[in-house]
Amino acid sequence: MLHARRVAALVALVLVAASASAQSLAPIRYTVRFTAPQTNYLDVEAIVPTGGQPSIEMLMAVWTPGSYLIREYERNVEDVKAFDGNKALDVEKPVKNRWRILTGGAKDVRLTYRVYSHEMTVRNNWVEADFAMINGAPTFMTIASDVARPDAGSEGPAYTWQRKPIARPHEVTIELPAAWKTSITGMPSAPDGRPNHYLAPDFDTLVDSPIVAGNPVVHQFAVAGKPHFLVDVATGDADAVFDGHRAARDLQRIVETDLALWGALPYDKYVFFNVLTGSGGLEHKNSVMMMASQWATSTRDKYVDWLSLASHEYFHLWNVKRLRPIELGPFDYERENYPRSLWISEGLTDYYGDVQLARAGLISRDEYLHALSTAIRTLQSTPGRLTQPVETASFDAWIKQYRPDENSINTSISYYTKGAVLGFVLDARIRTATNGAKGLDEVMKLAFARFSGARGFTPQDFRTAASEVAGTDLSAWFRAALETTEEIDYRPALAWYGLDFGPSSVKDDDKARARLGATVSEASGRLVVTNVPRGTPAFDAGVNAGDEIVAIGNLRVTPDQYVARLEALPPGKPVTVTVARHDAMKTLTVTIVDPPAPMWELRVRANATPEQQAHLAAWLRTGSR
Ligand SMILES: [Zn+2]
């Protein structure tokens, strides 16, 4: 039902063409079984061709593209064994994520292992009695010499290394437990048309193709003649609460709106996996793994968040999966890859995620402006924007963005947030320079035409393309925006669209909390400081993350009293704050201030000119003109 004959036929043609030109390597043939899914394990059997070598080394990726942290997937692997027929072979482990099989001259070896699969995130595996959600990197080993860097010990920029295009097919058969009806993946179906039988032309495609097995609820629609699937997955009935019909209808509008921007859909089919627990999304070339609440369609705010997630992830199939920074391919699966342009790959994707919702008519102009205002306010209230340039934030994603700690607010800036805000400012800049003839849409399309091939783009390539579209040299703007921590000048963008900033709405509780400035949480009935942003009274007084606030003005304070007690303090006067730190009590003197009300809410000027109103309409309605 899900794997249309037309798609299977296309795939067969592509494979024939590829194998004729490539080195016709023998495939690795995997079978994935769920013999006891209720125990959260999956079983893998792989028939691995040895090429007649006395030993072969199998590798498991330590991270997965799109999520920049070493995950050590090999830690979930158990019981690795290898056989020649039924004869057991010796298996050694030279490093944490590799297994060396002594083949004894066998032409093929049978490799078996089990994977503990109980992490409900978009980049790992989940197996339970009702369903399985499996990703390539944490599941499938491959032959190390096919994909590994030959100079695995040496350092240097990853992008100076270009992996040879070794296109070894990876065949996957999913054996379903009796109670499960189907499996679904973006991976091509195998030419034999057997159900649950897939064939990835290479390891990258295998890693890029998550698989869901079980009894999902599937909604199908077509755009430009291509099938699209919304696959709702949950323990029990996936659409019991979630409104899958409405979601699929609106996804179709997102697809149509993106098609209008880019001009073509560069895939044969596309799968929106929608696991109804957890949160997050991970993009792939022709699918996305999303996680969201069952109640994501139950309120307007939650639904807009879900649409925004889906729109962001879908936009990625162009921006990052095909139009990619030079550093992000071919992937080195065994170590960090260091992109400098995640402000483009993630930030501009965030910008377009919401812009395209407005253009699709799925959110109103004012809902859009409010979402953008939230990003601007978040950026402008993060002290780390004055510490970390956004290209550095991208490069250091592995140690900052993906490893946040209590001081992150002071030391780093999100390339999602700043990148999205830069998208708004850059788009307006190009529109202004071309008197509305062109915008960021044209930059993205030019960049896609130039750089979506094998090489990818350098930071300079993108800057040059933008300057070309703008018809003016933007290099000074890019340098300041990307390589420094200079504050962003919003005035040209506001002037082009006829916008200005008004007061952001702030809850009274938050106003009171801002008088001390520390972020606190309640832990077992105690008030514990979680962050201390630079530039706040708490920071200046030496309040530390981890301190328990015990008293204010020598009077005991409990979590439920905290806000009222702060509200009652006179601004401008010193007050004592007693904290428990380790085993000691410490009294600090804090000068309470009322911070100025934030003014980051975008609104249309009452006196906006007809030209400005036209610019605003052109931006959010139907593309750049
Ligand atoms: Zn993203």
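Let me begin with N196, which, leaving aside its neighbours within four places in sequence, is in contact with V172, T173, I174, L176, T182 and S183, where contact means heavy atoms within 4.5 Å. Before I go on, please keep in mind that this is a predicted model, in which local features need pLDDT of at least 70 and side-chain atom pairs count only at pLDDT 80 or more, while totals for chains, interfaces and linings use all residues. Residues are numbered from 1 along each chain as its sequence is written, and side-chain values use heavy atoms, with hydrogens and water left out.

To return to N196, this residue sits in the loop between strand 13 (182-185) and strand 14 (197-200); helices (H or I, at least four residues) and strands (E, at least two) are DSSP runs, numbered from the N terminus. N196 is buried, with a relative accessible area of 15%, and the terms here are that buried means under 20% relative accessible area, exposed over 50%, and partly exposed in between, with a 1.4 Å probe and protein chains only. The side chains of N196 and S183 are joined by a polar contact of 2.6 Å, that is, a pair of N or O atoms within 3.5 Å, where within protein one must be able to donate a hydrogen and the other to accept it, and residues adjacent in sequence count only if both atoms are side-chain atoms.

Most residues other than glycine have a negative phi, and most peptide bonds are trans. N554 likewise has a positive phi, of about 65°, although it is not a glycine; N554 lies in the loop between strand 24 (548-552) and strand 25 (555-556), and at 61% relative accessibility it counts as exposed. As for peptide bonds, the one from G329 to P330 is cis, with omega near -10°, and P330 is found in the loop between helix 5 (300-315) and helix 6.

Now to the metal. Which residues coordinate the zinc ion? They are H312 and H316, each through NE2, and E346 through OE, at 2.0 Å; donors are N, O and S atoms within 2.8 Å of the metal (3.2 Å for Na, K and Ca), and water is not among the atoms, so sites may look incomplete. Along the chain these donors follow the spacing H-x3-H-x29-E, and both H312 and H316 are buried.

Helix 6 (342-359) also holds Q356, which counts as buried at 2% relative accessibility. The side chain of Q356 makes a polar contact of 2.8 Å with the side chain of D258, and, not counting residues up to four places away in sequence, Q356 touches T257, D258, L261, S311 and F315.

W619 belongs to helix 18 (residues 610-620), in which Q612, H615, L616, A618, W619 and L620 are buried. Those buried residues pack against helix 6, helix 7 (365-380), helix 10, helix 14 (491-497), strand 21 (499-502) and strand 28 (601-604).

In helix 11, the buried residues are L440, D441, E442, V443, M444, A447 and F451, and what covers them includes helix 4 (244-262), helix 6, helix 10 (415-433) and helix 12 (459-470).

Finally, the whole chain. Its secondary structure comes to 18 helices and 28 strands. The radius of gyration is 27 Å, close to the 25 Å that the globule rule gives for 625 residues, so the chain is as compact as a globular protein of that length; this radius is taken over C-alpha atoms, and the rule is 2.2 Å times the number of residues to the power 0.38. Buried residues make up 56% of the 625 residues in the chain, and, among contacts between residues at least 6 apart in sequence, 69% join residues at least 24 apart.
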